[in-house]
Amino acid sequence: MAVNENDIYLFNPGYEMRNDSHRIVLFAGNKPNRLSEAHWGSFLHPLHARIFSFFTYNRPIKATISLLGKYLKRDEQSIRKIVYPFIENSSAVFTNYNDEKVWIPKNIIINRNHISGEVAFLNLNPNVFGCCTIDLTTQRNYTAPQFFTFMLNNDCISQCIYCYADKKTKVGKRLTTNRILELIAEASALPVRFINLTGGEIFLHHDWFVILKKLVDFNLSPEYISTKYPLSDVIIDTIRNSGFTNPIQISLDACSSGVLMKTLSVPNDYLIKIMRGIKLLDNSGLKYRINSVLSICNTKKEIIEKLFIYISLLKNVTDWRITPAVNSNWIEYEQFRKLKPDKKEIESLYEWIENELIPKSKIPILLNRPVINREFGRCSTGSADFKGMRCPALNNQMFILPDGKVTICEQLYWMPQFIIGDVTKSGISEVWNSPAAQRLLNLQKTDIQDKSPCKTCRLFEPCFNVGNRCWVDIVKAYGKENWDFPDPRCAFAPEMINDLRF
């Protein structure tokens, strides 16, 4: 492509780089643009990061090429051959390092004139991207997770019959707001990619605004905020004043007070209040979406159609997401089984939605099909080949509980086997690389119960080393005492005690 060397070309501000000790993590930032990949994540060789750092200054590319040539001790024509393939590349490209593909997203370097508005030139020092040794294959982040979640509380305004959260554990001394703010500052310095907030109900935390504002100020905004709380003008104005611009997810399972009273254990006037809040949100200019969870109480065409008609009257909702309720560790299985919709019923409803509602909908209606079509007991070659989303637990995420204890994943909560630290006593990186975290990462056969098939499995080392076993599914399927059983996707897994299938 033609490059005007008098123009300013810069590292796309929709991406960010972080030194992860043995490689550079390249990821989509919290402020993607029309030219960047919104969900990108990959590992870079430090040399690439050093090259890209030269494009974080406000200067013409001819000056950048000259400086980069002096830094790398190469002539300017050689520098052009290195750099030009990364300038406004229309699709992802890769280079090779030790027979490994190093992927780089589209438009990694762009013309300043193609980005509207002000640009913050980061003026990055290339030397901050130095690494003593190179590892581009290990999936787990070395220095810190890419993201984590603050569970601000386990208090709710509803008692959902399908709830997967641990609301039974009594939280004694909660993590202080000051400590949360300190951890946000530490996360920014690492840097962490983003920090999510969850509950319980985050709007029941007395300092939710202070925490959200701090996240926005440090460019660590949550992916979205999910709530069943009836919003008010005060809450909406407070969200707007925080600068938060990502979606707000409103959970609404039906437009029937009777259904909501049955499924959420809320008062008769809850529907009126939640709809009043949605109307305020619809007029606010904030981005929001609707999420509906299917149970036996609302997996019916007439209920979904009534909800569709209501959503169709909203002016600014971005999309509607529909997903079946999934097993919970905190509701007795037999109780949950009675409220779990049948797969045929869900498929019939989905087909009707696709044929009748989606064609006339003004917004996307997103149906969660993967959750009802999951394959169990099929894979005989270890966790590397398990179908479905790769497990982020211990690889790039952690979950901070209301009292500061840290677990590896949402839904495992205070299970002692999965507690890897305590942020009232330690920092983020210290917890991430704690002895407890290392023990889980490097489980040996001697750590496994004799009754677990994993104990004698010939695939033990490669399966456990990959880090793609879903601990949540294992605990849900076999019980908390059998946390070390095979992932139920494994062909050598025993029959599930609590069936995860629909």
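**Helix α8 and the cysteines**

Helix α8 covers residues 270–282, and its 13 residues reach 18 Å from first C-alpha to last, close to the 18 Å expected at 1.5 Å a residue. That expected span is 1.5 Å times one less than the number of residues. Helices here are DSSP runs of H or I with at least four residues, strands are runs of E with at least two, and both are numbered from the N terminus. The model is a predicted one, where local features need pLDDT of at least 70 and side-chain atom pairs count only at pLDDT 80 or more, while totals for chains, interfaces and linings use all residues. Residues are numbered from 1 along each chain as its sequence is written, and side-chain values use heavy atoms, with hydrogens and water left out.

Tyr270, Leu271, Ile274, Gly277, Ile278, Leu281 and Asp282 are the buried residues of α8; buried means under 20% relative accessible area, exposed over 50%, and partly exposed in between (1.4 Å probe, protein chains only). Looking down the axis of α8, these buried residues fall within an arc of 140 degrees, so they line one face of the helix. The arc is taken from the directions from the helix axis to the C-beta atoms. On the other side of α8 sit the exposed Ile272, Arg276 and Lys279.

As for the cysteines, the disulfide count comes to zero, a disulfide being a pair of cysteine sulfur atoms within 2.5 Å. Cys379 is buried at 12% relative accessibility, and its closest cysteine sulfur, in Cys490, is 6.8 Å away, too far for a bond. Cys470 is buried too, at 17%; the closest cysteine sulfur to its own is in Cys391, at 5.2 Å, again too far for a bond.
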